[in-house]
Amino acid sequence: MAYLEGLFSLKGKTALVTGAGRGIGQVVALGLAKAGAKIVIFSRTGADVTVEMIKSAGGEAWSLIADVTGEEEVDKGLTKLLELCGSLDVVFNNAGVCVHKDTFGAAIAQWREVIDINLTGEYIVARASGKIMHERGIRGSIINMASMSGTIVNVPQWQASYNASKAGVIHMTRSLAVEWAQYGIRVNSISPGYINTPMSVDTPQWLRDAWMPLIPQGRMGEPEELIPAILYLASAASGYTTGTDVIIDGGYAAR
């Protein structure tokens with residue numbers, strides 16, 4: 001048991017989590033902190049509530065204002081992270097948005113916003129973080145937030161921009177994993193299905209009712225159910241795992 005605990009431990013590690021003001025990012029930040037990691041959060045509006053939750057649980061955490069679509073903001077944030085913690089070992093690249101609109105009704109500006117945040121933003125954070133890991137000889141782990149929507153097409157809502165962005169994240173992850181394997185930097189992604197978050201609470205009931213028959217397990221997932229997979233990918237337990245996309249969707253994509 002002690003051996004297993006050691007494999008999954010993040011004690012002495014620093015983890016960057018983007019978009020952790022609420023929802024999945026907040027829950028995962030807490031989970032990584034409980035595994036021993038110091039947590040630094042990047043968000044556009046701050047994540048003081050998440051920081052206080054982590055501190056109340058006995059962990060260490062900081063919230064920094066940084067828009068993931070801005071290279072200079074990300075670089076400044078990472079410089080501050082290194083000043084605070086001295087290292088960068090784990091990245092959970094989580095910030096993202098979704099637009100539910102049919103293609104004829106969606107504006108090109110909405111397409112660009114989704115791609116800019118979900119794909120380009122993750123690339124900017126991964127690229128800047130990977131550079132730090134490479135230059136410092138850190139055998140780090142970068143975990144990108146994809147989605148089952150990168151593998152399947154959601155119905156009955158239409159969201160071509162989101163689906164395309166997440167498919168891009170999955171293949172970007174594979175590309176970076178192969179490119180950076182020589183440096184000991186592992187890059188993987190997770191692809192959640194429908195998860196109960198504050199965002200999903202605002203989803204119309206008719207839409208939620210339409211999803212249920214399509215999920216073999218017959219329910220939506222909970223954010224906490226993502227933590228074990230993320231902890232595996234973040235820790236030494238996954239030392240031989242890179243370029244992998246872990247689908248966590250109650251069986252939706254397997255239909």
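Val153, Val155 and Trp158 form a nonpolar patch on the surface. Accessible areas come from the Shrake-Rupley method with a 1.4 Å probe, and for residues only the protein chains shown count as cover. Patches are made of residues with over 30% relative accessible area and no salt bridge; like charges are joined within 9 Å, and nonpolar side chains (Val, Leu, Ile, Met, Phe, Trp, Tyr) within 5 Å.

This is a predicted model, in which local features need pLDDT of at least 70, side-chain atom pairs count only at pLDDT 80 or more, and totals for chains, interfaces and linings use all residues. Residues are numbered from 1 along each chain as its sequence is written, and side-chain values use heavy atoms, with hydrogens and water left out.

## The loop between S5 and H6

Val153 sits in the loop between strand S5 (141-145) and helix H6 (160-180). Helices (H or I, at least four residues) and strands (E, at least two) are DSSP runs, numbered from the N terminus. Is Val153 buried or exposed? Val153 is exposed, at 59% relative accessible area. Buried means under 20% relative accessible area, exposed means over 50%, and partly exposed lies in between (1.4 Å probe, protein chains only).

Ser147 lies in the loop between S5 and H6 too. Ser147 is buried, with a relative accessible area of 5%. Which residues does Ser147 touch, not counting residues up to four places away in sequence? They are Tyr162, Lys166, Ile170, Ile190, Ser191 and Pro192. Contact means heavy atoms within 4.5 Å.

Pro156 is also found in this loop. A cis peptide bond joins Val155 and Pro156, with omega about 5 degrees. Most residues other than glycine have a negative phi, and most peptide bonds are trans.

## Helix H4

Helix H4 covers residues 71-85 and has 15 residues. From its first C-alpha to its last, H4 reaches 21 Å, close to the 21 Å expected at 1.5 Å a residue. The expected span of a helix is 1.5 Å times one less than its number of residues.

Val74, Gly77, Leu78, Leu81, Leu82 and Cys85 are buried in H4. They cover an arc of only 140 degrees around the axis, so they lie on the same side of H4. The arc is that of the directions from the helix axis to the C-beta atoms. An α-helix has 3.6 residues a turn, so residues three or four places apart point the same way.

What do the buried residues of H4 pack against? They pack against strand S1 (14-18), strand S2 (38-43), strand S3 (61-65) and helix H5 (108-136). The face turned away from the buried side carries the exposed residues Glu72, Lys76 and Glu83. Gly86 follows H4, and its phi is positive, near 85 degrees.

## Helix H6

H6 has 21 residues. H6 reaches 30 Å from its first C-alpha to its last, close to the 30 Å expected at 1.5 Å a residue. Its buried residues include Tyr162, Lys166, Ile170, Leu176 and Trp180. What covers the buried residues of H6 includes H5, S5, strand S6 (186-192) and strand S7 (245-248).

## Salt bridges

Side chains of opposite charge can pair when their charged atoms come close. A salt bridge is a side-chain nitrogen of Lys or Arg within 4 Å of a carboxyl oxygen of Asp or Glu. By this rule the count is 3 salt bridges.

| Residue pair | N to O distance |
|---|---|
| Glu83 and Lys80 | 3.9 Å |
| Lys166 and Glu122 | 3.7 Å |
| Glu225 and Arg219 | 2.8 Å |

Lys166 lies in helix H6 and Glu122 in helix H5, so this pair ties together parts that are 44 residues apart in sequence. Both Lys166 and Glu122 are buried.

Glu83 and Lys80 both lie in helix H4. They are 3 residues apart, about one turn of the helix. Glu83 is exposed, at 56% relative accessible area. Lys80 is partly exposed, at 38%.

Glu225 is partly exposed, with a relative accessible area of 36%. Arg219 is partly exposed as well, at 37%.

## Tyr232

Tyr232 has its place in helix H9 (residues 227-234). At 31% relative accessibility, Tyr232 is partly exposed. Tyr232 touches Phe8, Ala237, Ser238 and Thr241, not counting residues up to four places away in sequence. Tyr232 and Ile24 are 208 residues apart along the chain, and their C-alpha atoms are separated by 16 Å.
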